[in-house]
Amino acid sequence: MTTTVVRVGDPERERTAARLGQAFTQGYLSMQEYETRLGGAFEAQTAEALGDLVADLPVERIRRQDPQRRAARNAAARRAARIHLGVYLAVSALMIGIWLVTAAATGEWYFWPVWPIFGWGIGVVSHAIPVRACGVRVGPVTR
């Protein structure tokens, strides 16, 4: 039975070092243990050696609690809510323009855009409320 040795490069070493840094900042490693493992990560030549450095750490829990990952998710949620709001406003303005042109041409002044604007508005609000409830600002950031 032969075992395959998989060599690693700098990208793999840097990923392992980032995981060790996250484990250290979240309190899973002491300073001395972090420094020892970090040195081992940059000296490692094989995937097995890198795996041994993080084998006893709760990798999934560390990833879920990563503040950078959480900030990226929050930024994506804000961006999505802004895009949704922008498209809603643009389409609403377009519908009002169509209504105005057709009403002036035909003399029928029933404001029909109220119904799609109202319906879609419920969707926009339903999108923005959870984003805002999680402490994520939908509007422009001012400090």
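Is Asp 10 buried, partly exposed or exposed, and what is its relative accessible area? I looked it up: Asp 10 is partly exposed at 48% (buried is under 20% relative accessible area, exposed over 50%, partly exposed in between; 1.4 Å probe, protein chains only).

I note that the model is predicted, with local features needing pLDDT of at least 70 and side-chain atom pairs counted only at pLDDT 80 or more, while totals for chains, interfaces and linings use all residues. Residues are numbered from 1 along each chain as its sequence is written, and side-chain values use heavy atoms, without hydrogens and water.

Salt bridges. I found 3 in the structure (a side-chain nitrogen of Lys or Arg within 4 Å of a carboxyl oxygen of Asp or Glu). Asp 10 pairs with Arg 13 at 3.0 Å, N to O. Both lie in helix 1 (residues 10–25), 3 residues apart (helices are DSSP runs of H or I, at least four residues, numbered from the N terminus). Arg 13 is buried at 10%.

I then checked Arg 37, which is buried at 11%. Its closest N and O atoms with Glu 33 are 2.8 Å apart, and both residues lie in helix 2 (residues 31–43). Arg 37 also forms a salt bridge with Asp 56, again with 2.8 Å between the closest N and O atoms. Asp 56 sits in the loop between helix 3 (47–54) and helix 4 (59–64), so this pair ties together parts 19 residues apart in sequence. Shared partners join Glu 33, Arg 37 and Asp 56 into one network.

Last, I looked at Leu 94 in helix 5 (residues 67–106). Leu 94 is exposed at 54%.

Technical notes. Helices (H or I, at least four residues) and strands (E, at least two) are DSSP runs, numbered from the N terminus.
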